[in-house]
Amino acid sequence: MIGVLVLFSLFLFFRGHDEPGGGFIGGLVGAGAFTLYAIAFGTEASKKVLRIHPITLIALGLLSLVISGLIPLFTNDAFLTGKWLFLEFGGTVWKLSTPLIFDIGVYLCVVGFIVTAIFSLEEQKLPGKS
Amino acid sequence: MNGLLVMPIALPLITATVALLFRSHASLQRWVGVGGMAVLVGSVFLLFRDVHLKGIQVLQLGNWDAPFGITLVADMLTMLMLGISAIMGLLIAIYSVYDIDRERERFGYYPLLHILLMGVNGSFLTGDIFNLYVWFEVMLIASFILLALGNSKNQLQGALKYVFINLFSSLLFLFGVALLYGTTGTLNMADLAVRLPLIENTGLVTAIAMIFMVSFGIKAAIFPLFFWLPASYHTPPVAISAIFGGLLTKVGVYALIRVFTLLFTQDVGYTHTILLWVAGFTMVTGVLGAASHFEFRKILSFHIVSQIGYMIMGLAFNSALGLMGAIFYVLHNILAKSNLFLISGIAQRLSGTFELKQMGGLYRHYPFLAVLFLISAFALAGFPPLSGFWAKLSLVKAGLSLEQYVITAVAILVGLLTLFSMTKIWMSAFWGPVPEKGVPEHFGKETLWGTGKLYILVVPVMIVAGLIILVGLNAQPLLEVCLVAAEQLLNPQTYIEAVLGPQ
């Protein structure tokens, strides 16, 4: 189940630029995957599946938000200007851009934040257990 | 376009992120926390030079032209506020290294401190009224957590009042923004300044102005909306009290100055008269509240309220001299007030309490600390030749030149009363005898420079005291810069043209 949900969330994420979807909703679905896992097998197991600590995810997310804003400064443009890079690769055009980095940041922040909140709520559910 | 403009916002965010990544390494986090502030001070100075030499600097974020995109604007007022907040941020970060306990560090004290500063800097820089609201929220959310971090009952009580009243104020702010957008169709402050005078329904504009006055008034803690401040500011650790007391209310004052010089100048006779009355009552109630309390930090909290009155008074005069006085007063007050909070922290560490009645003998055992206190307290009360004297002098001069004798007399009287409650602290905590019981064992034995590492607390206090003296002895350059800022505020045309291009 977790694999399907994460795949679905990535699908939503990449669909996001031109159609409904994007970092925020993708992140929500991704966080949902780990939350379901935590409800089924406990937070410890879910943390193991997640591998990275959720707060680190938030930090990495914030970092990519800043980086996406700072990249245009190197080409003498204003902060947060959208920059696009088109790569021909195997017949398809890959669109790499600063909005993409920004959206990855949003995705990571949403997953990190929701998972942190849910985990700390789960862990404090039973009095005396924390 | 000037890329430096984004640095006061981006740098704290980067620092906060890095500190968050290394949240389990306590010492590394401290270095990042202090180092990030130092870089911030440097970048603000570079930007200050640009504004000083070339006039108002503007950056259109993401290359979306004003009035459609978000604009960052740095005029002289912005730069002075940014400068002082960066310097205080650096000094308080150093102070925190000793003052903040491991538990709070683990729960992200340094990232939050930098996010708070990002919110403060963003509010100073933005040229968009809705964006100002967003920065206020960034600042408030960080401050909520900083205030409640630690979970003591006392703290949560204070935090609860703080959160509710500030959310209410944000709600009013949002109403005001919505009404402004509804009447003018724009949110860019320069564009608003162009369009508001064209609105025929002047009553509506004045009503919106009053909504903003109440909303920012709550944040700045003016009469009669200040009661939340003394109820919450004395609860968190001293470093947090100091940054709140020094910076956060001044962001409210900044917002008041900005909107009542740039946007709402249509009915000055009405709005600014109310501001003048409010200023008078704020000064008096604040100082009387301070006179009736005997807890170190509570006295200081009431004095924040009373001092805000002076700044609002300068704004209400709406003249170059008055605004210059107000801006100078903000700068001086951030120095003196934060420093008093920091000193109260050292005094508490030495004598184990904030209650004046249980303190004493600090002068005898720690004369150097007493001198530092005297400098800041006399500066607050407005003694020559310290910074507060020049601040009060320019306000009094402005009042006399406008023939506002009553409010000027109130201002001078409140200065005397300030001195009274500072003397109260001096008499009991510093000059009074050492209390017979309840004094911690290390009192009198531990020196400020000894192995207890108290010097980490003393050095920032010394630097601020040095700045107070420096500003006091050589006030002319700073007064001139403040006058430039005031003149920019009184001629919104330069601001508008810098943002929107020649009209």
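1. Rings of Phe, Tyr and Trp (its six-membered ring) count as a pair if their centres lie within 6.5 Å. Keep that in mind as you look at this predicted model, where a search of the whole structure turns up 31 aromatic pairs over all chains.

2. Let's look at one of these pairs in chain B. The ring centres of B:Phe212 and B:Phe264 are 5.6 Å apart and their planes meet at 40°. Planes under 30 degrees apart would count as stacked and over 60 as edge-to-face, so this pair is tilted.

3. Where do the two partners, B:Phe212 and B:Phe264, sit in the chain? B:Phe212 belongs to helix α9 (residues 202-220) of chain B, while B:Phe264 is in the loop between α11 (238-262) and α12 (268-291) of chain B. The pair therefore ties together parts that are 52 residues apart in sequence.

4. B:Phe212 and B:Phe264 belong to one aromatic cluster, together with B:Phe130, B:Tyr133, B:Phe136, B:Phe173, B:Phe216 and B:Phe260.

5. Another ring to find is B:Phe294. B:Lys357 lies over its face, at 4.6 Å from the ring centre. The charged end of B:Lys424 also sits over the ring of B:Phe294, 4.6 Å from its centre.

6. Next, a helix you can check for yourself: α16 of chain B, residues 367-381. At 1.5 Å a residue, its 15 residues should span 21 Å, and the end C-alpha atoms are 21 Å apart, which agrees. After α16(B) comes B:Gly382, whose phi is positive, near 95°.

7. Which residues of α16(B) are buried? They are B:Leu369, B:Ala370, B:Leu372, B:Phe373, B:Ile375, B:Ser376, B:Ala377, B:Ala379, B:Leu380 and B:Ala381. These buried residues pack against several helices of chain B, including α13 (296-317), α14 (320-351) and α19 (455-473). As you trace them, remember that an α-helix has 3.6 residues a turn, so residues three or four places apart point the same way.

8. Finally, chain A. Its 5 helices and 2 strands run α-α-α-α-β-β-α from the N terminus on. Of its 130 residues, 37% count as buried. Among contacts in chain A between residues at least 6 apart in sequence, 59% join residues at least 24 apart. The accessible surface of chain A is about 7,800 Å², with 71% belonging to carbon and sulfur atoms.

Methods
Residues are numbered from 1 along each chain as its sequence is written. Chains are lettered from A and ligands numbered from 1 in the order in which they are written. This is a predicted model: local features need pLDDT of at least 70, side-chain atom pairs count only at pLDDT 80 or more; totals for chains, interfaces and linings use all residues. Side-chain values use heavy atoms; hydrogens and water are left out. Helices (H or I, at least four residues) and strands (E, at least two) are DSSP runs, numbered from the N terminus. The expected span of a helix is 1.5 Å times one less than its number of residues. Buried means under 20% relative accessible area, exposed over 50%, partly exposed in between (1.4 Å probe, protein chains only). Contact means heavy atoms within 4.5 Å. Accessible areas come from the Shrake-Rupley method with a 1.4 Å probe; for residues, only the protein chains shown count as cover. A charge sits over a ring if NZ of Lys or CZ of Arg is within 6 Å of the ring centre and within 35 degrees of the ring normal.
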